[in-house]
Amino acid sequence: MSNNTNIVFESYPMIGGDGSNSYTKNSYLQRAGANAVKAIIDDVISEKLDVEKKISSSKSAFRIADLGCSVGPNTFIAMQNIIDAVQQKYQSQGFASHMPEFQVFFNDHTSNDFNTLFASLPPERPYFATGVPGSFHGRLFPDFSLDFVHSSFALQWLSKVLEELLSKNSAAWNKGRVHYASAPDEVAQAYTVQFAKDITTFLDGRAKELVVGGLMVLNMPGIPNGNPHSSSVTGLSFDILGHCLVDMAKEGLISEVQVDSFNVPIYVASPKEMTQLVERNGCFSIERMEITQPRARDDGLNSQAVTMHLRASMEGIISKHFGTEIIDELCDRYCKKHEEFIDLLESKYNEGNQLFIVLKRI
């Protein structure tokens with residue numbers, strides 16, 4: 001168990017490679033979320049991208065950054081869709097002869113499996129590919145060097161968990177829970193404060209890196225304004241995880257201390273929260289912001305598939321804290337518990353659980 005109470009989550013990547021438990025094979029929820037907003041992104045590029053300004057101001061490549069790219073294939077699909085839409089914009093305005101070259105920067109933490117990412121790059125890709133390791137909570141690129149920024153299902157990850165969640169003497173001690181969704185207000189407030197700090201540094205960095213008129217598309221788990229955190233699909237899912245861990249502690253498979261000191265570093269924001277943070281930054285106009293409702297599968301949620309997704313995305317952080325030997329047992333319990341709550345989760349899923357944002361650098 002880690003004794004670091006101010007953990008920075010750079011050492012817990014998604015499961016790499018292409019095995020049965022890998023993120024590559026189990027990221028269908030993110031793919032469904034991206035598919036749900038593809039048409040909106042196409043429309044935004046068609047309506048908001050100023051290609052005349054790009055042509056007149058620079059002969060350089062059109063540069064796109066995908067922040068929190070993970071290991072694919074979702075990042076490749078998203079980048080191809082963006083490039084297709086940009087090319088269509090140039091052609092529709094009669095600028096086909098000025099079509100730029102494209103360069104895509106794939107960014108994630110240094111512990112990301114970039115080997116798998118680069119090995120699976122599409123061989124006929126219409127862009128130059130570059131890897132950029134590092135946290136997007138700071139600067140990554142030179143001033144005014146990017147034309148388009150994309151980030152899908154990455155900004156919900158907090159950069160760290162605050163000490164007050166782990167201290168028995170704190171009002172925000174999160175005893176017996178692993179998330180803030182059903183926790184006391186003090187716990188939720190600690191998460192909210194850290195999320196605001198993280199988004200502030202994220203926006204500050206991108207404001208320096210995007211050209212004026214550049215676009216930024218953000219897609220993340222979301223919750224409608226006014227809804228309690230406990231009603232979000234993400235919150236319910238982590239409540240289930242917490243119940244499983246508490247049960248395992250009661251049976252002596254792990255310790256109660258381990259459970260009390262474990263907090264999932266994920267925050268689900270509302271449109272109101274993000275609007276306030278963007279307006280406070282002052283460098284972007286909000287072109288679109290809405291809660292969307294992706295469909296993961298035509299036949300609804302599937303507990304086994306959701307469990308595999310949880311394992312692919314969370315095994316690193318869970319193993320670091322509890323040890324690798326509990327993973328199979330925990331996943332078995334999670335799948336069974338998830339099935340018990342499937343009707344409730346399905347109803348919340350249908351209310352909309354994804355926050356889609358388009359910003360323009362002003």
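Tutor: Contact here means heavy atoms within 4.5 Å. This is a predicted model, where local features need pLDDT of at least 70, side-chain atom pairs need 80 or more, and totals for chains, interfaces and linings use all residues. Numbering starts from 1 along each chain as its sequence is written, and side-chain values use heavy atoms, without hydrogens or water.

Student: Which strands stand at the edges of the sheet?

Tutor: Strands are DSSP runs of E, at least two residues, and helices are runs of H or I, at least four, numbered from the N terminus. Seven strands make an open, mixed sheet, ordered β3-β2-β1-β4-β5-β7-β6. Strands pair if DSSP finds at least two bridges between them. Two have a single partner strand each, so one side of each lacks a neighbour in the sheet: β3 (128–133) and β6 (284–292).

Student: What is the bridge partner of Phe 148 in β5?

Tutor: Strand β4 (residues 146–152) runs parallel to β5 (residues 210–221), and six bridges join them. In β5, the partner of Phe 148 is Leu 215.

Student: At about what angle does helix α5 run to β5?

Tutor: Angles go from 0 to 180 degrees between N-to-C directions, with axes fitted to C-alpha atoms (for helices, over the stretch in contact). Helix α5 (residues 185–209) lies across β1 (62–67), β4, β5, β6 and β7 (354–361), and its angle to β5 is about 145°.

Student: How are α6 and α9 oriented to each other?

Tutor: Helix α6 (residues 233–250) packs against α9 (residues 303–322) at about 40°, with axes 14 Å apart. Phe 238, Leu 241 and Leu 245 of α6 meet Leu 310, Met 314, Ile 318 and Phe 322 of α9. Under 35 degrees is roughly parallel, over 145 roughly antiparallel, 65 to 115 roughly perpendicular, and the rest oblique. The two helices, α6 and α9, are therefore oblique.
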